[in-house]
Amino acid sequence: MAEITKEELRQPENLIYKKTDLLTDKPLSYCPGCGHGTAHRIVMEVLDEMGIQDQTIGIAPVGCSVLAYEFMNIDMQQAAHGRAPAVATAVKRLHPEKFVFTYQGDGDLAAIGTAETIHACNRGENIVIIFINNGIYGMTGGQMAPTTLPGMKSSTSPYGRDVATMGNPLKITELIAQLPGTIYVTRQAVHTPANVRKTKKAVRKAFENQKLNKGLSFVEIVSNCNSGWKMTPRQSNEWMVENMFPFYPLGDIKVND
Amino acid sequence: MAKVKGDIVIDIEKCKGCEVCVPACPNDVIAMSKNVNGKGYNYAETINDECIGCANCAIVCPDGVITVYRKRME
Ligand SMILES: Cc1ncc(C[n+]2csc(CCOP(=O)(O)OP(=O)(O)O)c2C)c(N)n1
Ligand code: SF4
Ligand code: SF4
Ligand code: SF4
């Protein structure tokens, strides 16, 4: 085989992959190995590939991704806790020609923001919702969320979630799929290369739906919170596969073409 | 048969040492360094020349610090 030096290989014509310019150069504020970073990049790559950077308005939540506007190199508005779908509704109705999406954690979307989430989905607002489900309130120290699994330990359920006293976990994505306003509802993950590729396809489909004014597309990403779960990043990804995926199975839940 | 040669460049100062890229590589190209970067993380580094430029490592890196090159060798 012909030999090639690293310098010859590292030329622009051989470039296969580099971080998209739609992410700023600010170091992400996330813990090492946190899926938020990968999810951010996937959304920005899709906007980049669709060439809609200057036509897109993102709504940042409260939670670890509260600073998403620092990292996503697009127009953004940060919303009060849980209110992102309401803010997105207003932005989209005032600027119907823009692409509008929310980016929200499970505490934001499925606890304090349940009403805003369900009504925006039921109204069928022509927006995209990106939902990062790590089963916990990451930012505030790993408290139990509506999405916390039965038996799962958190700082407010140190002996594990007891369904009899703490209630059942909420599968809000399945619930949303029942609503006539949603056109596309899917659940994905970002811990392996294959999952990253699938999630990117799902996010692309969601924004293509918005382009065609089809209604609301909802992409859940089951993700890790290694700090909150008190594991290393690799352990947390394994724990997620073993424990989160059986309860939150991956795949499309509703596809109306 | 045409063979593919790949290479990656890791921005070690931005690497957070999470190791998520390590199991993503089909050819065990990446391992964690014994040295630390300015933030105190044991950063990722390449340990062999088996890279095929598949970009698996780069697309799972939460911090987007890996750049990938690939060339088809005749
Ligand atoms: C009105 C209001 N109530 C409570 C809080 C405190 N708070 C900040 S982030 C957060 C939970 C975030 O969890 P999640 O949405 O799951 O996001 P993650 O940090 O896990 O990504 C809470 C309760 C707040 N900022 N505002
Ligand atoms: S606390 Fe959890 S969700 Fe927040 S950045 Fe750290 S790992 Fe990610
Ligand atoms: S590009 Fe593929 S082969 Fe090369 S280091 Fe990354 S994962 Fe390994
Ligand atoms: S996935 Fe990225 S941040 Fe994590 S160790 Fe590998 S190169 Fe570093």
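How many residues surround ligand 1, and which are the closest? Ligand 1 is surrounded by 16 residues, and the closest are His36(A), Cys64(A), Gly107(A), Asp108(A) and Gly138(A). A residue counts here if one of its heavy atoms lies within 4 Å of the molecule.

## Basis of the model

This is a predicted model, in which local features need pLDDT of at least 70 and side-chain atom pairs count only at pLDDT 80 or more, while totals for chains, interfaces and linings use all residues. Residues are numbered from 1 along each chain as its sequence is written, chains are lettered from A and ligands numbered from 1 in the order in which they are written, and side-chain values use heavy atoms, with hydrogens and water left out.

By class, the shell around ligand 1 has six nonpolar, eight polar and two charged residues. In this scheme Ala, Val, Leu, Ile, Met, Phe, Trp, Tyr, Cys and Pro are nonpolar, Asp, Glu, Lys and Arg are charged, and the others, Gly among them, are polar. Helix 5 of chain A supplies the largest share of the shell, four residues. Helices (H or I, at least four residues) and strands (E, at least two) are DSSP runs, numbered from the N terminus.

Polar contacts are pairs of N or O atoms within 3.5 Å. A backbone N or O atom of Asp108(A) lies 2.7 Å from an oxygen atom of ligand 1, and for a backbone N or O atom of Met139(A) the distance to an oxygen atom of the ligand is 2.9 Å. In Asn134(A), a side-chain N or O atom is 3.1 Å from an oxygen atom of ligand 1. Taken alone, ligand 1 exposes 600 Å², of which the protein buries 72%; these areas come from the Shrake-Rupley method with a 1.4 Å probe.

## The pocket of ligand 1

Ligand 1 takes the space of the second largest pocket; to sit there, more than half of its atoms must lie within 2 Å of the grid points. A pocket is an open set of points on a 1 Å grid over the protein atoms alone, where a 1.4 Å probe fits, with protein on both sides within 12 Å along at least five of seven lines; lining residues have an atom within 4 Å of a point.

The second largest pocket holds about 220 Å³ of space, a volume filled by probe spheres set on the points. Of its 17 lining residues, the closest to the centre are Val62(A), Gly63(A), Tyr137(A), Gly138(A) and Met139(A). Helix 5 of chain A gives the most to this lining, with three residues.

Notes:
Polar contact = N/O pair within 3.5 Å; in protein donor to acceptor, adjacent residues only side chain to side chain.
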